[in-house]
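Me: I would like to learn how to read the features of a model like this one. Please take them in turn, with the general idea before the case.

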Amino acid sequence: MIYEIHITVQTDNVDGFKEACHVADVKPIVIELQNLKGQKVKMDVMTSSKYEGLTWEYEVERISLKLIDLGFKPIRFKVEVPPWHPVVPLAYYECHVRILTEESRIIELR
């Protein structure tokens, strides 16, 4: 089974975080969130990695401990699995679905 793992950290040191991700062998994701006026209000800073194996817990722990060792505090982790994975009915599940549609149906879909 392939798992996609994201670990969010609390930091303003984006360059240091990117370097820590390189050391931890994961990809950095930095999302700048803005208000309706286009002003930056918050940054989401997280890792992205794929793990193939029987369990994902050890990989989450490995990455988290490495980030802590490098001075970053993990505040959230998310493990993405396909909808048919047995854990789905037992836990909170988030799903991203892409829909190809006409512009006129966007309000209806929302």
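Me: Leaving aside its neighbours within four places in sequence, which residues is Thr-47 in contact with?

Reply: First, the basis: this is a predicted model, in which local features need pLDDT of at least 70 and side-chain atom pairs count only at pLDDT 80 or more, while totals for chains, interfaces and linings use all residues. Residues are numbered from 1 along each chain as its sequence is written, and side-chain values use heavy atoms, with hydrogens and water left out. Contact means heavy atoms within 4.5 Å. With neighbours within four places in sequence left aside, Thr-47 touches Ile-5, His-6, Ile-7, Phe-17, Cys-21, Val-26, Lys-27, Ile-29, Ile-63 and Leu-67. Thr-47 belongs to strand S3; helices (H or I, at least four residues) and strands (E, at least two) are DSSP runs, numbered from the N terminus.

Me: Is Thr-47 buried or exposed?

Reply: Buried means under 20% relative accessible area, exposed means over 50%, and partly exposed lies in between (1.4 Å probe, protein chains only). Thr-47 has 0% relative accessibility, so Thr-47 counts as buried. His-6, in strand S1, is buried as well, at 7%. The C-alpha atoms of His-6 and Ser-48 are 4.9 Å apart, although 42 residues separate the two in sequence.

Me: In which sense do S1 and S3 pair, and over how many bridges?

Reply: Two strands pair if DSSP finds at least two bridges between them. S1 (residues 2-10) and S3 are antiparallel, with six bridges; Val-9 has Val-45 in S3 as its bridge partner. S1 also runs antiparallel to S4, to which seven bridges join it, and Gln-10 is opposite Lys-73 in S4.

Me: How many aromatic pairs does a search of the whole structure find?

Reply: Rings of Phe, Tyr and Trp (its six-membered ring) pair if their centres lie within 6.5 Å; planes under 30 degrees apart count as stacked, over 60 as edge-to-face and the rest as tilted. The search finds two pairs. In one, Phe-17 and Phe-72 have ring centres 5.9 Å apart and planes at 75 degrees, so the pair is edge-to-face. This pair links distant parts of the chain, 55 residues apart: Phe-17 is in helix H1 (residues 14-24), and Phe-72 is in the loop between helix H2 (57-69) and strand S4 (73-80). Phe-17 is buried at 0%, and Phe-72 is buried at 8%. Trp-56 and Phe-77 make a tilted pair, 5.9 Å centre to centre with 45 degrees between the planes.

Me: How many salt bridges does the count come to?

Reply: A salt bridge is a side-chain nitrogen of Lys or Arg within 4 Å of a carboxyl oxygen of Asp or Glu. The count comes to five. One of them joins Glu-59 to Arg-62, with the closest N and O atoms 2.9 Å apart. These two are three residues apart in helix H2, so about one helical turn separates them. Glu-59 is buried at 14%, whereas Arg-62 is partly exposed at 35%.

Me: Which residues make a nonpolar surface patch of about 230 Å²?

Reply: Patches are made of residues with over 30% relative accessible area and no salt bridge: like charges are joined within 9 Å, nonpolar side chains (Val, Leu, Ile, Met, Phe, Trp, Tyr) within 5 Å. Accessible areas come from the Shrake-Rupley method with a 1.4 Å probe, and for residues only the protein chains shown count as cover. The patch is formed by Ile-31, Leu-33 and Val-41. Leu-33 sits in strand S2 (residues 27-34) and is partly exposed at 31%.
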